[in-house]
Amino acid sequence: MGSNGHNLRLVVNRDKQDSPIRGLYLITDHGDRLAERVEAAIDGGVRIVQYRNKGKDRAQRYAVGEELRDLCRQRGVIFIVNDDLDLAQQLKADGIHLGQEDGDPRIARRELGPGKIIGVSTHTMEEALAAQAAGADYIGFGAMFPTNSKEIEHLVGPEGLAAIRSRIMIPIVAIGGITRDNGPRVVDAGADALAVISAVLAHPDPFLAATELGLLFNRRAAYPRGAVLTVAGSDSGGGAGIQADLKTVTLLGSYGSSVITALTAQNTRGVSGIHGVPPSFVAEQLDAVLSDIPVDAVKTGMLFSAEIIATVAEKLAEYRKRIVVVDPVMVAKGGAPLIDRGAVNVLKDRLMPRTYLLTPNIPEAERLTGLTIVDEEGMQEAARRLFRLGARNVLVKGGHLVAGDAVDILFDGSAFHRFTAPRILSKNTHGTGCTYASAIATYLAQGEPLREAVGRAKEFVTVAIRLGQPLGRGHGPVNHLLAADEVRDRNPETENQ
Ligand SMILES: Cc1ncc(COP(=O)(O)OP(=O)(O)O)c(N)n1
Ligand SMILES: Cc1nc(C(=O)O)sc1CCOP(=O)(O)O
Ligand SMILES: [Mg+2]
């Protein structure tokens, strides 16, 4: 009998394609505030929770398990118990996960019945084949990487997973030391699900950690893969604004939607007029998109006014959107101001705390920090200050520095990462910043970790500048089309995943 009094039968189909065992799989730890952290992880995208309690106190184990089971039922999340068949039965769990020493899956199947999920830990091809033959609904396979969460005997790595993939027809749940940064290798090796403990439950923000890990599964989605929402102004000339954003998102392989904050009468020579969109209509557009389309990443450009910035920040919070790339557009290529004076403080106070990556150029970084930036050291100091203002990651773009290569500095709160490209002297650079930021948002939406997303976007925008179009009598646009073709040719493997 299900917790709501109905006879619910969880029909588990062992066929990998139909199995519910996919995506982000959370295993509990023994820390405080467990239910609170698990709930945040579920809100961030966890679809399976495994209750793993090695404690001796049965009453405590049952009480904690009951609370987690109720949470999972309420959220429609699969609830699996680790090791203990009696506890799994008492809690009426959806299934059990057995280690090699935790009993025969055939006995568990007889005790739990056909409708329950049975997972088995495996570490070799032989163990994996034996578990499959014994009727397991999925296998855990690890360890992928070194971990502090358990003493491991087998470090098999993603290569070990790739080696068994072709012979295992049931879902493979990879486990062991998996993080946002090494997770792509595991998904690319063929894992159907990623089982994690510390990457999510030891993270200060389990919601964000689960969100970042969940994006990795877009790496194998059909094209267009990943959905990006641009919240920016319209550039009638087509070179910047939402026009540049949607070209970038689409040509790089994701689905783009847009919320328009302002209309500009603009061409390659400059801006001749601006009409701000009423903040209430910006809110209406945001509701229309975010209530319906599963947006993976948001990119903001020209936000025009303090009211619109406040509206965007409120809606990002309401819809719990955390992968937000903020390009703090302030001045158009020709020098026209694109944001009113009071808006800068609202951007710092309301939007930056909700920013996953801030991408200021040097004039914008100077305006936001009050610094004068003349070299990379100044870029680093600006990045630190902007991080302290709330941006989770900061990319200060060095294009405005006059000498040397075009160097951008990424600060992730603990380390600096340099991205360099040959400086290309061209006047056809209209839309560079919009294109760069929307390319980063696109690669994030496609499941690239942050540093890879920035690196690939830097490559894309550099080619787009090199191939810039001599259109109009002013600053021509960068070349989105030929740049997308070129970077796709350079990275063919990413197209076939
Ligand atoms: C999905 C998944 N894979 C492996 C394990 C490890 O289980 P086990 O071998 O039983 O070790 P303990 O978890 O009991 O320490 C798992 N729990 N889940
Ligand atoms: C429980 C467990 N089993 C493993 C195996 O290799 O079977 S590795 C592991 C620990 C996973 O924790 P974290 O995500 O913090 O590395
Ligand atoms: Mg065990």
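## Around ligand 1

In this predicted model, ligand 1 is surrounded by 15 residues, and the closest of them are Gln50, Arg52, Lys54, Ser121 and Lys150; a residue counts as near a molecule if one of its heavy atoms lies within 4 Å of it. Two of these residues reach the ligand with polar side-chain atoms: one in Gln50 lies 2.8 Å from a nitrogen atom of ligand 1, and one in Arg52 lies 2.6 Å from an oxygen atom of ligand 1. Gly99 takes part through its backbone, where an N or O atom lies 3.3 Å from an oxygen atom of ligand 1. A polar contact here is a pair of N or O atoms within 3.5 Å.

## Around ligand 2

Ligand 2 has 14 residues around it, of which Thr147, Ser149, Gly177, Ile197 and Ser198 come nearest. In the side chain of Ser149, an N or O atom is 2.5 Å from an oxygen atom of ligand 2.

## Helix α10 against α16

Helix α10 (residues 241-251) packs with helix α16 (residues 432-445) at an angle of about 40°, and their axes are 9 Å apart. This angle makes α10 oblique to α16, since angles under 35 degrees count as roughly parallel, over 145 as roughly antiparallel, 65 to 115 as roughly perpendicular and the rest as oblique. The crossing of α10 and α16 is right-handed.

Where the two helices meet (heavy atoms within 4.5 Å), α10 contributes Gly241, Ala244, Asp245, Thr248 and Val249, while α16 contributes Cys434, Thr435, Ser438, Ala439 and Thr442. By class, the contact of α10 with α16 holds four nonpolar, five polar and one charged residues.

## Helix α10 against α18

The axes of α10 and helix α18 (residues 480-490) come within 10 Å and cross at roughly 25°, which makes α10 roughly parallel to α18. This crossing of α10 and α18 is also right-handed. Ala244, Lys247, Thr248 and Leu251 of α10 make the contact with His480, Leu481, Ala484 and Arg488 of α18, and the residues of this contact divide into four nonpolar, two polar and two charged.

## How to read the values

Residues are numbered from 1 along each chain as its sequence is written, while chains are lettered from A and ligands numbered from 1 in the order in which they are written. Local features need pLDDT of at least 70, side-chain atom pairs count only at pLDDT 80 or more, and totals for chains, interfaces and linings use all residues, while side-chain values use heavy atoms, with hydrogens and water left out.

Key. Axes are lines fitted to C-alpha atoms, for helices over the stretch in contact, and angles run from 0 to 180 degrees between N-to-C directions. Helices (H or I, at least four residues) and strands (E, at least two) are DSSP runs, numbered from the N terminus. A crossing is left-handed if the near helix is turned anticlockwise from the far one by less than a right angle, and right-handed if clockwise. Ala, Val, Leu, Ile, Met, Phe, Trp, Tyr, Cys and Pro count as nonpolar, Asp, Glu, Lys and Arg as charged, and the others, Gly among them, as polar. A polar contact is a pair of N or O atoms within 3.5 Å; within protein, one must be able to donate a hydrogen and the other to accept it, and residues adjacent in sequence count only if both atoms are side-chain atoms.
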